[in-house]
Amino acid sequence: MVEVTVTPQSSLADRAVQVVVRGLSPSQLVTLRAWLTDEHGERFQARAFYRADEAGEVDAARHAALGGNYAGVWPMGLFWFLQPDSLFRRLVKRDVAGSPFLVHLEVFDGLCLVTGPQDKLLAACTAERWYVGPGVQRVPIREGRVRGALLLPP
């Protein structure tokens, strides 16, 4: 049984996570895809192609991506290389304290350039990426022409 895990499953957006796929056949080619929907309903996604090792595992921190949105060893590549489906869109988080970005990770059998109904989904999981830690207080700042927010630790 194929399983994809993100450790830790819930983390701050500037913290590294570990993405590991287990239960594959040795040397099996797979596509890892990450996607999220922002607060405006725009979808951002990234994909990378990997070949499983002799143990049937893919670890983004140890194994090199063979192609996709990036190539080589990029432990956070699926998160860093997210691109919009629509042109000229930027990934922006407005509600930094109220909710996380939910990043969906999926593993497909073979090389999937464009994901469709014919592609075989092997495993999936979801990671939470928070922009403000628990207990942090956000104080809006408006002074003259200055706009911003003061984030106070608990």
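Tyr-70, Trp-74, Trp-80 and Phe-81 form one aromatic cluster. The model is predicted, so that local features need pLDDT of at least 70 and side-chain atom pairs count only at pLDDT 80 or more, while totals for chains, interfaces and linings use all residues. Residues are numbered from 1 along each chain as its sequence is written, and side-chain values use heavy atoms, with hydrogens and water left out.

**The aromatic cluster**

- A pair of aromatic rings is described by the distance of the centres and the angle of the planes.
- Rings of Phe, Tyr and Trp (its six-membered ring) pair if their centres lie within 6.5 Å, and planes under 30 degrees apart count as stacked, over 60 as edge-to-face and the rest as tilted; by this rule there are 4 aromatic pairs.
- Tyr-70 and Phe-81 are a stacked pair, because their ring centres are 5.1 Å apart and their planes stand at 20°.
- Tyr-70 lies in the loop between β7 (67-68) and α1 (77-80) and Phe-81 in the loop between α1 and β8, so this pair ties together parts that are 11 residues apart in sequence; helices (H or I, at least four residues) and strands (E, at least two) are DSSP runs, numbered from the N terminus.
- Trp-74 and Phe-81 are an edge-to-face pair, because the ring centres are 5.2 Å apart and the planes are at 90°.

**Burial of the ring residues**

- Buried means under 20% relative accessible area, exposed over 50%, and partly exposed in between (1.4 Å probe, protein chains only).
- Tyr-70 counts as buried at 5% relative accessibility, whereas Phe-81 is partly exposed at 24% and Trp-74 is partly exposed at 34%.
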